[in-house]
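Please consult the sequence and the coordinates alongside the text.

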Amino acid sequence: MNNSGYIYVLINYSMENLIKIGKTSREPEERAKELSSATGVPTPFIVAYDAHFHDCTQAENYIHKKLEEQGYRLSNNREFFHAPLKEVISVILDAQKVLKSDQQVNSHEDDERSQSNDRTLEDESNEWTDIESLAMYYFELEDYEEAYRLYKKAIDLGSTQSFFWIGIMTLLGLGCLEDEEEAETYLKKGSNSNDVRCLGALANLYISKDYKVSNQWFEKYLKHPNFLEIKMRRAYYVVEHLVFIAMREQFNMKQYGHQTEKYQDILQKYSDILLPIKDELLSYIISAKESLSSNDTDIKDLYLTVGKAIKVLSK
């Protein structure tokens, strides 16, 4: 299969240092127009640089890896980077030397570019991939209204990964009206699409209003095959659930003189799953305690108690 094509660099003047680096067998300008149209951003994306490679998939992997190693990747998104244009061009030139490119760089007039509509080289696996990446960019800028708009657009185009973000934003009222019922609907749609993050979010959502339902979601969360792969908010969901159980147990002991299901029981039951992230959980507990005021001694004690149980966690 002919894998030759172009590595392109797209910039947008309203997004400082945000650069999209992708591959295409078509005109890079076509990709810029597509991205501008699909996202509906105020200013268009333009081609700042492009280079031809005999194997552009290999070239893209090389360039992305080099920029990631330098810390330029945007929140693990595959296509977008926070990087100076000069540095990106330098990495592309390095790739040409290492991968023995045909050195045809920025010569639009002389290039005999394929007019094929074959999109197998395109970097976008779905229509919504770029939109989700931009949504995360705006989320990190705390432009929640624009992030919300883009995540909603991604859902409309068929994305199932955006249900989590829309659910969280709706739950917290970020970029939209706060609505717990609507947030729950989005998170359940995400869980039905096998998004492990939504399971953790649902367990957390129910923890204070329906303990049994919360535990059901929590067990699904821990048992999910992607639990150890997806780190996002994982320590938060696990520790806060355990702390709530410890608090509930403490309350029941004072009020009724009997215990409910102990947090230690959960730790022991799922020790094989939780042991690999033990340090992650302990790190979260330290930061959570530090964020509390000096008056929150009871909550601090609960974190300390759960932390001690996690420290001795073993198979």
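Lysine 20 is buried, because its relative accessibility is 0%, below the 20% limit for that class. The model is a predicted one. Lysine 20 forms a salt bridge with aspartate 130, with a distance of 3.0 Å between the closest N and O atoms. A search of the whole structure returns 15 salt bridges.

**The pair of lysine 20 and aspartate 130**

- The two residues come from distant parts of the chain, 110 residues apart: lysine 20 belongs to strand β2 (residues 18-24) and aspartate 130 to helix α4 (residues 129-140).
- Aspartate 130 is likewise classed as buried, at 6% relative accessibility.
- Both residues take part in a network of salt bridges that links Lys20, Arg26, Glu30, Arg31, Glu34 and Asp130.

**Arginine 26 and glutamate 34**

- Within that network, arginine 26 and glutamate 34 meet through their side chains in a salt bridge of 3.1 Å, N to O.

**Lysine 209 and glutamate 180**

- A salt bridge joins the side chains of lysine 209 and glutamate 180, at 2.8 Å from N to O.
- Lysine 209 sits in the loop between α8 (196-206) and α9 (211-223), and glutamate 180 in helix α7 (residues 180-192), so this pair ties together parts that are 29 residues apart in sequence.
- Both partners are partly exposed: the relative accessible area is 43% for lysine 209 and 38% for glutamate 180.

**Packing of helices α6 and α7**

- A packed helix pair is described by the angle and the distance between the two axes.
- For helix α6 (residues 162-172) and α7, the axes come within 8 Å and cross at roughly 165°.
- Helix α6 is therefore roughly antiparallel to α7, since angles over 145 degrees fall in that class.
- The crossing of these two helices is left-handed.
- On the α6 side, the contact comprises Phe163, Phe164, Ile166, Gly167, Thr170 and Leu171.
- On the α7 side, the contact comprises Glu180, Glu182, Ala183, Tyr186, Leu187, Lys189 and Gly190.
- How many residues of each class make up the contact of α6 with α7? There are seven nonpolar, three polar and three charged residues.

Key
Residues numbered from 1 in each chain as written. Predicted model: local features only at pLDDT ≥ 70, side-chain atom pairs only at ≥ 80, totals over all residues. Heavy atoms only, no water. Salt bridge = Lys/Arg side-chain N within 4 Å of Asp/Glu carboxyl O. Helix = DSSP H or I, 4+ residues; strand = E, 2+ residues; numbered from the N terminus. Buried < 20%, exposed > 50% of the residue type's maximum accessible area, 1.4 Å probe, protein only. Axes fitted to C-alpha atoms, helices over the stretch in contact; angles between N-to-C directions. Parallel < 35°, antiparallel > 145°, perpendicular 65-115°, else oblique. Left-handed = near helix turned anticlockwise from the far one by under 90°. Contact = heavy atoms within 4.5 Å. Nonpolar A, V, L, I, M, F, W, Y, C, P; charged D, E, K, R; others polar.
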